[in-house]
Amino acid sequence: MKVGVVGAGFVGATAAYALVLGGVGQEVVLVDREGDKASAQAEDLLHATPFAHPLRVHAGDYARLEGARVVILAAGVSQRPGESRLDLLGRNVRVFEAILPKVRAVAPEAVILVATNPVDIMTQVAALLSGLPPGRVVGSGTILDTARFRALLGEYLGISSHSIHAYVIGEHGDSEVLVWSSAQVGGLGLAEAAQALGRPLDESVRQAIDQGVRRAAYRIIAGKGATYYGIGAGLARIVRSILLDERQVYTLSLYHPEEGVAYSLPRLLGAQGVEATLHPALSPEEEALLGQSREILREAARSLGL
């Protein structure tokens, strides 16, 4: 099973590294407009395989993507310190206009996995440019925000994040919605579980966790220039779910033609991409915030003429 990665920068290379460490697929192909960079990344990754899993790792042009089951789109310009994801729009749309026809020509059956920011708008762009059914064009969406939410809740409650069921939906960005109302731990509502664990969730704690999730990218970018470990691991997890038809649920971005926008909700992911969407129970406030998030993305899409 072949996985293509277009864009051999921080995110693309880290995703490829996570694929190698996790033994996801059988072959990874890196494509980048800077061929020397792709070749160097592939060679370095190949040297990791004796310590992990015996994947084949190559670099090449778009023709090497032939037969890929999944193609990760991680190409584009980087987010600058202080720059919102939506500020990246015009520059990265032009990148996708050049990339997608080449990917579709050689890997027509692949699921397209979009990682380039702003990921919701870029997922919509990819869906429209590719002509594929929306379910075959999957954005990484809020999978990382959901992971951040669960990680911070786990730290505060003193339990494993794997025992927490909580989601972040809407935009992968400033207007994202943390769904507190239906979050659960061990079958209990979050507030009830927190009380039972002796760690009540007052408003100050909620606000600290909210900002810890919502502002994470800005802090990381200010400190080291880019975020890549978290999203690289998330991308590898998405690819595994597709290749193995695991039918797990992740908060992923999907283009909704009837709404004219792409955004994240819990999605059932299988071999053909997104197979179903689950709508979590929301409080009236969360429902209103999700509507605002969709409208922000819709306006950004309209600014591009989408």
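Trainee: Is aspartate 120 buried or exposed?

Mentor: This is a predicted model, in which local features need pLDDT of at least 70, side-chain atom pairs count only at pLDDT 80 or more, and totals for chains, interfaces and linings use all residues. Residues are numbered from 1 along each chain as its sequence is written, and side-chain values use heavy atoms, without hydrogens and water. Buried means under 20% relative accessible area, exposed over 50%, partly exposed in between (1.4 Å probe, protein chains only). Because its relative accessibility is 1%, aspartate 120 counts as buried.

Trainee: In which helix is the place of aspartate 120?

Mentor: Helices are DSSP runs of H or I with at least four residues, numbered from the N terminus. Aspartate 120 belongs to the one spanning residues 119–130, helix α4.

Trainee: Which residues does threonine 146 touch, not counting those up to four places away in sequence?

Mentor: Threonine 146 lies in helix α5 and counts as buried because its relative accessibility is 5%. Contact means heavy atoms within 4.5 Å. By that criterion, threonine 146 touches Ala166, Tyr167, Val168 and Thr251.

Trainee: Where is the place of serine 140?

Mentor: Serine 140 counts as buried because its relative accessibility is 2%. Beyond its neighbours within four places in sequence, its contacts include Leu113, Val119 and Thr251. Its place is in the loop between β6 (137–139) and α5 (143–157).

Definitions and conventions. Helix = DSSP H or I, 4+ residues; strand = E, 2+ residues; numbered from the N terminus.
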